[in-house]
Amino acid sequence: MEDLSAIILAAGEGKRMKSKMSKVLHKICGKALVEWVYGSVQNAGIQDCIVVVGHKAEEVMEYMGDKVRFALQKEQLGTGHAVMQAQPMLENKQGYVIVLYGDTPLIKGETIKKALDYHIQNGNAATIITTELEDATGYGRIIRDAQGNVVKIIEHRDANEQERAIKEVNPGVYCFTIKHLLDALGKINNNNSQGEYYLTDTIEILINEKFKVGALKIDDSNELSGINNRIQLSQAEKVMQQRILSKHMENGVTIIDPSNTYIQADVEIEMDTIIYPGCIIEGNTRIGEGCTIGPNSRIISSTIEKNVEVQNSVVIESHVSEDTHVGPFAYIRPESRIGRNVKIGDFVEIKKSVIGDNTKVSHLTYIGDAEVGKNVNMGCGTVTVNYDGQRKHKTVIGDNTFVGCNVNLVAPVTVNKNAYIAAGSTITDEVPEGSLAIARERQVVKEGWVEKRGRVHK
Ligand code: UD1
Ligand code: CA
């Protein structure tokens, strides 16, 4: 069988980003640019992927992990030089290699596949993708002869005025038959305005040696934009966001205002869920059927089961079970697990706690490091006093307990099931099953006190 590999160039610094981070690690819709390119390579059915790293190599390698192979380009001497660094990894291979740039995240797997099929069917030595841009500034231009055949690619900086007027550009996606790439790489030089080894020169070399070079023109130039600065980064974010939202809408999710909704790449949402404006849904969040999310909610890496309502709230790394209501204005912090048919109301904060089925925490309550049972009623203004200034302690509240308003539960403390706690109590000791605990000052009434003090309002 013939080998199929991809090389993603990701060694450049990306000066125009003005960043301490490698350009290819900047993210759109929650994923680094280079990871998007890798995803499309995978979608095109290519398993073997080599990433050429250089500037901030360790960071790029750590991000990509062991799903790809790495070639190190110590000095960034150009895109052709970058591909040379991957040469030893291709030497025993027969077949084809796709070369892409790590700063072109919008390319689709199907486009890579199309280019590869075209390349193979035509028996080409190399195939380039091209597209037309209104503003081609910065891109390499495609030079064709009178018959329309590609002759070479000329870089913007090396181009004369006439060549710069050409709108057909090189977006930087190439298919090569491996042996021809290796042959051509050996022949490129750095005689150009930047003193770099250009990958684009391999095209002219192969044409001059009378090998067949094809060009596949793609209409949707959006897909092929390279990212060199933060303005282009935000434009790519928009295009990718639109794709993600369209996918969810096609799957039966209602998104009321797509221009005002942000959903990252790995989020999954089931049908008949409605997303109101102002929502930001991130990480590996899963949302079940028939939920109402928003307006203005942020959900990060959480599981939301079916028929849940989350209004104007924040949910982070937590699990919310079916038929539960959250918000408005609730804050569910990491490692929380909320049961079924629970009510988490306004100005409630839950942190690293379990809340049992059918429990109500309706308003103005803080629950941290706690295990709350089923059918519990937490009164307004209740606080688990979980921090002694040095360490965190646990609160346990049994099933069917009624906790009155404005109660402090000083942890570590246990309230056993079926208990009642009087409003305003500060509970420091274990409350036995089925008992009432009152822990507050008795009320004192001084009859006629106001008049004696002469404070009667006339
Ligand atoms: C390149 C193309 C240009 C094309 C444009 C499309 C060349 C010579 N030019 O120009 O024809 O229109 O992309 O966006 O190929 N890189 C390395 N090592 C290096 C240099 C670059 O790995 O030594 C990587 C960068 O990390 C980046 C990619 O290659 O991901 C492209 O490099 P960049 O400097 O952005 O090339 P352009 O000038 O945009
Ligand atoms: Ca570029």
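I am working from a predicted model.

**Entry 1: helix α2**

I looked up α2, which spans residues 57–64. Which of its residues are buried? I found Ala57, Val60 and Met64 buried. I then looked down the axis of α2. The buried residues fall within an arc of 70°, so they line one face of the helix. An α-helix has 3.6 residues a turn, so residues three or four places apart point the same way.

I turned to the other side of α2. There, Glu58 and Glu62 are exposed.

Gly65 follows α2, and its phi is positive, near 65°.

**Entry 2: ligand 1**

I listed the residues around ligand 1 and got 22. Which of them come nearest? Gln73, Thr79, Tyr101, Glu155 and Asn170 do.

Next I went through some polar pairs. For Gln73, a polar side-chain atom sits 2.7 Å from a nitrogen atom of ligand 1. For Thr79, a side-chain N or O atom is 2.7 Å from an oxygen atom of the ligand. Ala11 uses its backbone: a polar atom there is 2.9 Å from an oxygen atom of ligand 1.

Last, I looked up how much of the ligand is covered. Taken alone, ligand 1 exposes 770 Å². The protein buries 89% of that.

Terms used:
Residues are numbered from 1 along each chain as its sequence is written. Chains are lettered from A and ligands numbered from 1 in the order in which they are written. This is a predicted model: local features need pLDDT of at least 70, side-chain atom pairs count only at pLDDT 80 or more; totals for chains, interfaces and linings use all residues. Side-chain values use heavy atoms; hydrogens and water are left out. Buried means under 20% relative accessible area, exposed over 50%, partly exposed in between (1.4 Å probe, protein chains only). Helices (H or I, at least four residues) and strands (E, at least two) are DSSP runs, numbered from the N terminus. The arc is that of the directions from the helix axis to the C-beta atoms. A residue is near a molecule or strand if one of its heavy atoms lies within 4 Å of it. A polar contact is a pair of N or O atoms within 3.5 Å; within protein, one must be able to donate a hydrogen and the other to accept it, and residues adjacent in sequence count only if both atoms are side-chain atoms. Accessible areas come from the Shrake-Rupley method with a 1.4 Å probe; for residues, only the protein chains shown count as cover.
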